[in-house]
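Dear colleague,

Please find below the structure that I am handing over to you.

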Amino acid sequence: MAVDTDHFHVLAVDDSIIDRKLIEMLLKTSSYQVTTVDSVFKALEFLGLQYNEGRDRYQDMEVNLIITDYCMPGMTGYDLLRKIKESENLKDIPVVIMSSENIPSRINRCLEEGAEEFFLKPVQASDVDKLKIHLVKTKSKDQRSSEANDKMTTTKEND
């Protein structure tokens, strides 16, 4: 199935400039729109999550997928995953964790908490190919939600 990736926006989070540039290159080669940040705090800010206020607002630029390093200073990719899944507005965004450490308990914990995938670094083009299925699922869910809202609006207008 051919997927038009031009309309998919990926937020990539990694404190390593080398890894950030690599993932950005791989994603752009696959025609994704990419925003990169170097910390969980900047990712939360970009997403509009007010870390200390305990509330959230959805960022103007829609993010279709988040790919984040696990081990970063301050807050980890696991912390970001939990914040995303706790947010009413963001919980449906697929999150992919990546790490250079192959620690089964860490991988399982991330997957159990809601991560879609766990990639070992360095990320490969074949890993990026695995993202398409998660983006398609998200897009279909958004379309179904939009269609349901349209039907509700139409029903109210007809009453």
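**Packing of two helices**

In this predicted model, the axes of α3 and helix α4 (residues 104–113) approach to within 10 Å and cross at roughly 10°. Because angles under 35 degrees count as roughly parallel, α3 is described as roughly parallel to α4. The crossing of α3 and α4 is left-handed. On the α3 side, the contact is made by Tyr78, Leu81, Arg82 and Lys85, while α4 contributes Arg109, Cys110 and Glu113. As background, the angle between the axes and the distance between the axes are what describe two packed helices.

**The nonpolar cores**

The largest nonpolar core contains 26 residues. Which of them touch the most other members? They are Leu11, Val13, Ile66, Leu80, Ile84, Ile97 and Cys110. Two or more residues of this core come from each of β1 (9–13), α2 (40–47), α3, β6 (95–99) and α4. The element that gives the most is α2, with five residues.

Leu11 deserves a separate word. Not counting residues up to four places away in sequence, Leu11 touches Thr35, Val37, Ala43, Phe46, Leu47, Val63, Leu65, Ile66 and Ile67. There is also a second, separate core of 17 residues, and Ile67, Met98, Val123 and Leu131 are included in that second core.

**Two individual residues**

Met72 is found in the loop between β5 (65–69) and α3 (77–86). Is Met72 buried or exposed? Its relative accessibility is 8%, and buried means under 20%, so Met72 counts as buried. Although Met72 and Asp14 are 58 residues apart along the chain, their C-alpha atoms are separated by 7.2 Å. Asp14 is also one of the residues that Met72 touches; the others are Val13, Asp15, Val40 and Gly77, when residues up to four places away in sequence are not counted.

Asp127 belongs to helix α5 (residues 125–129). With a relative accessible area of 9%, Asp127 is likewise buried. Which residues is Asp127 in contact with, leaving aside its neighbours within four places in sequence? These are Phe119, Leu120 and Pro122.

Yours sincerely

Definitions and conventions
Residues are numbered from 1 along each chain as its sequence is written. This is a predicted model: local features need pLDDT of at least 70, side-chain atom pairs count only at pLDDT 80 or more; totals for chains, interfaces and linings use all residues. Side-chain values use heavy atoms; hydrogens and water are left out. Helices (H or I, at least four residues) and strands (E, at least two) are DSSP runs, numbered from the N terminus. Buried means under 20% relative accessible area, exposed over 50%, partly exposed in between (1.4 Å probe, protein chains only). Contact means heavy atoms within 4.5 Å. Axes are lines fitted to C-alpha atoms, for helices over the stretch in contact, and angles run from 0 to 180 degrees between N-to-C directions. Angles under 35 degrees count as roughly parallel, over 145 as roughly antiparallel, 65 to 115 as roughly perpendicular and the rest as oblique. A crossing is left-handed if the near helix is turned anticlockwise from the far one by less than a right angle, and right-handed if clockwise. A nonpolar core is a set of buried Ala, Val, Leu, Ile, Met, Phe, Trp, Tyr and Cys residues joined through side-chain atoms within 4.5 Å.
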